[in-house]
Amino acid sequence: MIYESRFEEDEFFVAVPGQITEHVAKTVRRWEAIRRTENQRGLSLISRPQLGLAWPIYRWTSGEELSKALAAADGPWPMPGGDFVRWARRTADLLHQMGTAARFIGTESSNKLADAAFDAVDAIRRGVVADV
C-alpha cells in the first residue's frame, strides 16, 4: 500500500510457503479487481502492488535480525538498510492509522482489525526501526 521501490523491480517476490504467500495472492487479486473496475470507468488511479518489501518485513516482524531481513529482499541487489527502515516506519504509521480508524468504528470485527494492526505496529517498531 505504501512501498515504492527505487528500482524497476516488477516481480522480485519469491513465493514462500505459508500465510504470507496466501496474503500476497489475495492482495494482488484485490488489486486486479479494483483495476478492472477502474478500466470500466476509464480511470487509471492505482498502480500494481510492488512486493519487494513483503518478505523482508515479514522476516523482520518474525524477529529476525536486520541483516537477515535485508538478505530476504529479492532482485539483483540487496535492499539498503536505510530504505528498509524508512519503509518499515511508513508501514507502521499506516497500520497505526488503520488501527485507530478501526477502533473508532467500534464493532467487534473492526476491533479485531485494530488489535491486529496495533500488534503489527509493535512487531515492526523494534531495533533500528524503533530508534529515532
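This is a predicted model: local features need pLDDT of at least 70, side-chain atom pairs count only at pLDDT 80 or more; totals for chains, interfaces and linings use all residues.

Me: What makes Trp60 and Phe84 an aromatic pair, and why is the pair called edge-to-face?

Reply: The ring centres of Trp60 and Phe84 are 5.9 Å apart, and rings pair if their centres lie within 6.5 Å. The planes of the two rings stand at 75°.

Me: Which parts of the chain does the pair of Trp60 and Phe84 tie together?

Reply: Trp60 belongs to helix α2 and Phe84 to helix α4 (residues 81-105), so the pair links parts that are 24 residues apart in sequence. Phe84 is buried too, at a relative accessible area of 0%, under the 20% cut-off.

Me: How do you know that Arg126 sits over the ring of Trp60?

Reply: Arg126 lies over the face of Trp60, 3.7 Å from the ring centre. The distance limit for a charge over a ring is 6 Å, so the value of 3.7 Å is within it.

Me: How many aromatic pairs are there in the whole structure?

Reply: A search of the whole structure turns up two. One of them joins Trp55 and Tyr58, with ring centres 5.3 Å apart and planes at 15°. Planes under 30 degrees apart count as stacked, so this pair is stacked.

Me: Why is Trp55 called buried but Tyr58 partly exposed?

Reply: Trp55 has a relative accessible area of 17%, and the limit for buried is under 20%. Tyr58 comes to 37%.

Me: What about Ser110: buried or exposed?

Reply: Ser110 is buried, because its relative accessibility of 7% is under 20%. This residue is found in helix α5 (residues 108-124). Beyond its neighbours within four places in sequence, Ser110 contacts Ala102, Arg103 and Ile105.

Me: And what does the protein chain look like overall?

Reply: Its secondary structure comes to six helices and zero strands. Of its 132 residues, 31% count as buried.

Conventions
Residues are numbered from 1 along each chain as its sequence is written. Side-chain values use heavy atoms; hydrogens and water are left out. Helices (H or I, at least four residues) and strands (E, at least two) are DSSP runs, numbered from the N terminus. Buried means under 20% relative accessible area, exposed over 50%, partly exposed in between (1.4 Å probe, protein chains only). Contact means heavy atoms within 4.5 Å. Rings of Phe, Tyr and Trp (its six-membered ring) pair if their centres lie within 6.5 Å; planes under 30 degrees apart count as stacked, over 60 as edge-to-face and the rest as tilted. A charge sits over a ring if NZ of Lys or CZ of Arg is within 6 Å of the ring centre and within 35 degrees of the ring normal.
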